[in-house]
Structure formats: structure tokens, C-alpha cells
Amino acid sequence: MTEQIQLTLYSFRRCPYAMRARMALSYAKLSYTLREVDLKNKPEALLTASPKGTVPVLIVNETQIIDESLDVVGWVSQQTNQPLDFDVNKHVWVEKLHQKFIPTMHRYKYPERYPEVDQADNLKLVNDFLTSLDGWLETQQKDMNPWVEIALFPLIRQLWIIDDGWTHADIPNVTNWVEAISQSDEFMRVMEKHAVWQSEATEPVIIKF
Ligand SMILES: N[C@@H](CCC(=O)N[C@@H](CS)C(=O)NCC(=O)O)C(=O)O
């Protein structure tokens, strides 16, 4: 049944929100046409589909447009035999991620944009969040909802790829979780590089499962 659905994804390889979409499609084994976007030179077709011009944007059967990453995750889940039975936007850890972690992580990642922020205080907020997440992950073990995992992982991973000798609190569960997913074949494939798409004249890239 799912074979008949035609999917096109506008994405940007390093964008954590776009990673959510690619991870969800990969987990669901839904094949799709990938349009890797140059965010500094966005294709007209992306802006026509979604004028706000962010990625990811998933186009279903050339008509339905889903332009928020968590909505993509929710939609993809519905195509599987493990559909979400709640709104992933409202999951307690997804809410905490957006309200607490992402703003502090941004201030940590781009200190030059936030000269007024005391980085020691900010780093403490980041580490407090991670310590708390670590405790929660310990209770999840293998029972973690895969869609919640996909919603959380790419954003948390961002800290692991900041190359500044970041020393974090003692968070073995978060560390093992980030490292296991990062090193998985599935995630490596999600992170493969593809040529930028500009228009219908560009050779299509099909991600097949
Ligand atoms: N709330 C959006 C956020 C997506 C987002 O901010 N994506 C960034 C890239 S990581 C983007 O497309 N920015 C537009 C730009 O850089 O012009 C979602 O979850 O899909």
C-alpha cells in the first residue's frame, strides 16, 4: 500500500530538523525523492510549496505539504504499524527540548550572538537539562518510543559535534545513546552527502529502502 505514496523531501544535510524527517522516513523504510537545498539559494519550488522557506518540507503525492519537522515525524509514523497515538509536539521531553534545551544550546553554540549571556551560567543550564534527560533515558532502556527518539536525537547530537572541548556532566545514558545512534549504519546513511537540487532540470536523487 505504502509503495503507491509519492514522497519528495526538501532537506539540508546538516539541519537537525531535516534530520528528523530523514530519520523518520528511514525508520519507516519509506522511499523518497530527496531535494538537497542550498539554504542561501533556495529553489523556487521550495518557496512555492512553503513560503516560509525552512527545511524539512515533505510533499506527499504532489499535493499535501508538511513543513514542520515534528509534523513530518507524526505523519510518517501514521504510515507504519507503530503509529504515534499522541501528538509528538506535546511529548513532555519534546516540549522540554524546545523550551529549555534548544535556546540554551544555541547560546552555547553561538556565544558571539549573545554577548550578554554569562556562558558559565548557560553551560550549567545545558548540563542540568542533560542530567535530567540522562535520568529519564535510564528509565526508558529499550522501550523508548522510536518517534520521540527521532524528535530528540538530532538536536541533542548538536552538542557532540561542537568541536570546542566541551566537557559535560556525568551523563552515561545520554552519551551511550548519542554514540550508538551516531555510529549506526542507518544514521550514517541518513547523513550521506547528495548533490544540491535546484530545479526540475536537476538529476533526481532517490533514497530507496
Ligand atoms: N520549526 C521548523 C524549523 C526548521 C528550521 O529552522 N530549519 C532551518 C535549517 S536547520 C531552516 O530551514 N532555516 C531557513 C534558512 O536558513 O533560511 C521545523 O521544525 O521544521
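Analyst: We shall go from the overall fold to the ligand, a pair of helices and some individual residues. Please note that this is a predicted model.

User: How many helices and strands does the chain have?
Analyst: The chain has eight helices and five strands. In sequence order, they follow the pattern β-α-β-α-β-β-α-α-α-α-α-α-β.

User: What does the C-alpha trace span along its principal axes?
Analyst: The C-alpha trace spans about 50 × 40 × 30 Å along those axes. The radius of gyration is 18 Å, which agrees with a compact globule, because a globule of 209 residues would have a value near 17 Å.

User: And what share of the residues is buried?
Analyst: Buried residues account for 26% of the 209 in the chain. As for contacts between residues at least 6 apart in sequence, 69% of them join residues at least 24 apart.

User: On to the ligand. Which residues surround it?
Analyst: The ligand is surrounded by Phe12, Cys15, Tyr17, Leu39, Gly53, Thr54, Val55, Pro56, Glu68 and Ser69. By class, six of these shell residues are nonpolar, three are polar and one is charged.

User: Is the peptide bond from valine 55 to proline 56 cis or trans?
Analyst: That bond is cis, with omega near 10°. Proline 56 is in the loop between helix 2 (44-49) and strand 3 (57-60), and both Val55 and Pro56 belong to the set of residues around the ligand.

User: Now the helices. At what angle do helix 1 and helix 6 pack?
Analyst: Helix 1 (residues 16-28) and helix 6 (residues 146-160) pack at about 145°, and their axes are 9 Å apart. The crossing of helix 1 past helix 6 is right-handed.

User: Which residues make that contact?
Analyst: Helix 1 contributes Pro16, Met19, Arg20, Met23, Ala24 and Tyr27, while helix 6 contributes Pro146, Ile150, Ala151, Pro154, Leu155 and Gln158. The contact comprises ten nonpolar residues, one polar and one charged.

User: Where is arginine 22 found, and why does it count as buried?
Analyst: Arginine 22 is found in helix 1. It counts as buried because it has 25 C-beta neighbours inside 10 Å, and the cut-off for buried is 20 or more. Setting aside neighbours within four places in sequence, arginine 22 is in contact with Ser11 and Val190.

User: How far is arginine 22 from asparagine 41?
Analyst: Their C-alpha atoms are separated by 21 Å, and the two residues are 19 apart along the chain.

User: Changing topic, what is the phi of lysine 29?
Analyst: Lysine 29 has a positive phi of about 55°, although it is not a glycine. Lysine 29 lies in the loop between helix 1 and strand 2 (32-36), and it counts as exposed, with 11 C-beta neighbours inside 10 Å.

User: What about the phi of glutamate 62?
Analyst: Glutamate 62 has a positive phi as well, near 60°, and is a residue other than glycine. Glutamate 62 is in the loop between strand 3 and strand 4 (64-66). This residue is exposed, with 10 other C-beta atoms within 10 Å.

User: Lastly, is aspartate 143 buried or exposed?
Analyst: Aspartate 143 is exposed, since it has 6 other C-beta atoms within 10 Å and a residue with 12 or fewer is classed as exposed. Aspartate 143 is placed in the loop between helix 5 (119-140) and helix 6. From C-alpha to C-alpha, aspartate 143 and histidine 91 are 15 Å apart in space, and 52 residues apart in sequence.

How values were computed: Residues numbered from 1 in each chain as written. Predicted model: local features only at pLDDT ≥ 70, side-chain atom pairs only at ≥ 80, totals over all residues. Near = placed C-beta within 6 Å. Nonpolar A, V, L, I, M, F, W, Y, C, P; charged D, E, K, R; others polar. Axes fitted to C-alpha atoms, helices over the stretch in contact; angles between N-to-C directions. Helix = DSSP H or I, 4+ residues; strand = E, 2+ residues; numbered from the N terminus. Left-handed = near helix turned anticlockwise from the far one by under 90°. Contact = placed C-beta atoms within 7 Å. Rg over C-alpha atoms; globule rule 2.2 N^0.38 Å.
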